[in-house]
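Hi,

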Amino acid sequence: MKQICLMGGTFDPIHYGHLVVAEEVRQKFGLQKVLFIPAARPPHKMGKKISEAYHRVNMTRLATASNKYFEVSTLEIERQGISYTIDTVREIKRIYGIETVYFITGADAVLEIINWKEAEKLLSMCTFIAATRPGYNLNNIKETLKSLPGDILKRILPLEVPALSISSSDIRQRVMEGRSIKYLLPESVEEYILKNGLYRKNTAEKLFLPEMEIS
Ligand code: ATP
Ligand code: MG
């Protein structure tokens, strides 16, 4: 049976932290495909500025081009509105006609999962892989998610990955302050950021306000 792994995120910008997690999961679980899915409007980032979707898609494509197992899906961007993972998982299952879907999250995201739309249903629909991330403790999973039934908790698999203390927020901050971002992300993405003037103080960004939330 075909198995697909999804990795959602804002990818603003994509960096080596994302890529190392995806590659580790792919190899460890022997997966044929990892789909990177940039979010249109992540529910947890309402009120925060995020770059235009086409820039985030372009950067994700550049960063994943050299890995034959990696692909970029614009499904959430095309769907528009708020990007809920459960809708995405349903759509992927339908498009690919598959039952087994893995979903990659970093430790920070998995600890928040209880707040996601239809969390319990979502957890029953796919296997979550919770990758270690510096600054977040995966040992808290059981405590944080203790309201979930045990058989659902079993669908969250912790995975130790090479620790990279890199975040998109830090990269954006560095660009804004004119500091180097070299070696934090692929060179092609670094060039794209500089060429398009992303993350500089006056760059046009979308500000998603909570009142714009429901369309
Ligand atoms: P931001 O700082 O803007 O929130 P980010 O670096 O956290 O950006 P996201 O696009 O929010 O990146 O993350 C997408 C997914 O990748 C999330 O599940 C997150 O936990 C995971 N992730 C991001 N960076 C790392 C990292 N350095 N190590 C492990 N997982 C990571
Ligand atoms: Mg994040």
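Let me begin with a helix and the strands it covers. Helix α4 (residues 85-96) lies across β1 (4-9), β2 (33-38), β4 and β5 (101-106), and α4 runs at about 140° to β2. Please keep in mind that this is a predicted model.

Those strands belong to an open sheet of 6 strands, arranged in the order β4-β2-β1-β5-β6-β7 with parallel pairing. At the edges sit β4 (70-72) and β7 (156-159), each of which pairs on one side only. From one strand to the next, the twist averages 25°.

How many of the 6 residues of β5 are buried? The count is 5, so β5 is largely enclosed by the rest of the structure. Buried here means under 20% relative accessible area.

β5 pairs in the parallel sense with two strands. With β6 the pairing covers 5 bridges, and here Phe103 stands opposite Phe128 in β6.

Strand β6 (residues 127-131) is joined to β7 by 4 bridges, and the two run parallel. So that you have the background in mind when viewing side chains: in a regular strand they alternate between the two faces of the sheet.

Best wishes

Key. Residues are numbered from 1 along each chain as its sequence is written. Chains are lettered from A and ligands numbered from 1 in the order in which they are written. This is a predicted model: local features need pLDDT of at least 70, side-chain atom pairs count only at pLDDT 80 or more; totals for chains, interfaces and linings use all residues. Side-chain values use heavy atoms; hydrogens and water are left out. Two strands pair if DSSP finds at least two bridges between them. Axes are lines fitted to C-alpha atoms, for helices over the stretch in contact, and angles run from 0 to 180 degrees between N-to-C directions. Contact means heavy atoms within 4.5 Å. Buried means under 20% relative accessible area, exposed over 50%, partly exposed in between (1.4 Å probe, protein chains only).
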